[in-house]
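Visitor: Could you take me through this one slowly, please? I am new to reading structures.

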Amino acid sequence: MTLENEVIWDQFGAALDMLEQSINDCPEDLWNTDFKFWHIAYHTLFFLDYYLSEDPVHFSPPSPFNLDELSPDGLLPARVYNKKELLDYLKFSRKKCHEYLLNFTEEKAKLRFVNHYRDYSFFEQILNNMRHVQHHTAQLNLYLRQTINYEPTWISRSKNKFL
């Protein structure tokens with residue numbers, strides 16, 4: 001464990017905590033409007049998991065999710081995922097992220113995350129992934145702010161310690 005790994009975890013974990021807060025605080029009547037809060041949350045979680053994969057070619061999300069989110073046709077899932085399913089996916093991905101960073105070495109940082117539209121070092125990919133989570137969490141929070149005057153709590157460091 002290095003100081004850098006711990007700092008990245010503190011910030012990445014805080015981003016995940018803020019996403020969790022948004023999902024938890026979304027009222028049921030806003031979950032599946034034209035805005036599709038649930039789908040933005042799901043998209044964020046799917047790519048969080050995908051971008052933490054060391055072998056994106058053989059990536060497979062946990063059940064009940066599938067690979068439709070990778071479709072260039074912009075397919076929506078066959079059904080609306082509920083809060084519990086997405087919070088469970090967040091818990092799964094938070095653990096995956098934590099373990100990823102626990103085992104993150106200088107050698108691993110230089111390895112490549114390569115798919116048909118990206119060729120990043122694992123180090124760059126972890127930062128890109130965190131920014132992706134922050135981007136969509138901000139969209140969710142803005143929607144909640146505009147519809148119910150929601151003010152999320154700022155979380156400066158992960159609530160989960162880096163062990």
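Guide: Let us begin with a term: a residue is called buried under 20% relative accessible area, exposed over 50% and partly exposed in between, using a 1.4 Å probe and protein chains only. This is a predicted model, in which local features need pLDDT of at least 70 and side-chain atom pairs count only at pLDDT 80 or more, while totals for chains, interfaces and linings use all residues. Residues are numbered from 1 along each chain as its sequence is written, and side-chain values use heavy atoms, with hydrogens and water left out.

Visitor: OK, so is Asn 149 buried or exposed?

Guide: Asn 149 counts as exposed because its relative accessibility is 51%. Asn 149 lies in the segment after helix 6, where helices are DSSP runs of H or I with at least four residues, strands are runs of E with at least two, and both are numbered from the N terminus. Its phi is near 55°, which is a positive value in a residue other than glycine.

Visitor: And what is the span of helix 6 itself?

Guide: Helix 6 covers residues 122-148, and its end C-alpha atoms are 38 Å apart, which agrees with the 39 Å that its 27 residues should span at 1.5 Å a residue. The expected span is 1.5 Å times one less than the number of residues.

Visitor: Which other residue has a positive phi without being glycine?

Guide: Lys 36 is one of them, with a phi near 60°, and you will find Lys 36 in the loop between helix 2 (28-31) and helix 3. Lys 36 counts as partly exposed because its relative accessibility is 27%.

Visitor: How does helix 3 pack against helix 4?

Guide: The two helices pack at an angle of about 25°, with their axes 10 Å apart, and helix 4 takes in residues 83-102. That angle makes helix 3 roughly parallel to helix 4. The axes are lines fitted to C-alpha atoms, for helices over the stretch in contact, and angles run from 0 to 180 degrees between N-to-C directions. Angles under 35 degrees count as roughly parallel, over 145 as roughly antiparallel, 65 to 115 as roughly perpendicular and the rest as oblique.

Visitor: Which residues make that contact?

Guide: Helix 3 contributes Trp 38, Ala 41, Tyr 42, Leu 45, Phe 46, Leu 48 and Asp 49, while helix 4 contributes Leu 86, Tyr 89, Leu 90, Phe 92, Ser 93 and Lys 96. Contact here means heavy atoms within 4.5 Å. Among the residues of this contact, ten are nonpolar, one is polar and two are charged, where Ala, Val, Leu, Ile, Met, Phe, Trp, Tyr, Cys and Pro count as nonpolar, Asp, Glu, Lys and Arg as charged, and the others, Gly among them, as polar.

Visitor: What about helix 1 and helix 3, are they parallel or antiparallel?

Guide: Helix 1 (residues 3-25) and helix 3 pack at an angle of about 155°, with their axes 11 Å apart, and they are therefore roughly antiparallel to each other. Their contact involves Phe 12, Leu 16, Leu 19, Ser 22 and Ile 23 of helix 1, together with Phe 37, Ala 41, Thr 44, Leu 45 and Leu 48 of helix 3. The residues of that contact divide into eight nonpolar, two polar and no charged.

Visitor: Changing topic, what does Cys 97 touch?

Guide: Not counting residues up to four places away in sequence, Cys 97 touches Trp 9, Phe 12 and Leu 52. Cys 97 sits in helix 4 and counts as buried because its relative accessibility is 0%. The C-alpha atoms of Cys 97 and Asp 49 are separated by 8.1 Å, although these residues are 48 residues apart along the chain.

Visitor: And Lys 108, is that buried or exposed?

Guide: Lys 108 counts as buried because its relative accessibility is 13%. Lys 108 belongs to helix 5 (residues 106-110) and touches Glu 54, Tyr 100, Asn 103 and Phe 122, again leaving out residues up to four places away in sequence.

Visitor: Last one: where is His 43, and what is it in contact with?

Guide: His 43 is in helix 3, and, leaving aside its neighbours within four places in sequence, His 43 is in contact with Glu 69, His 132 and His 136.
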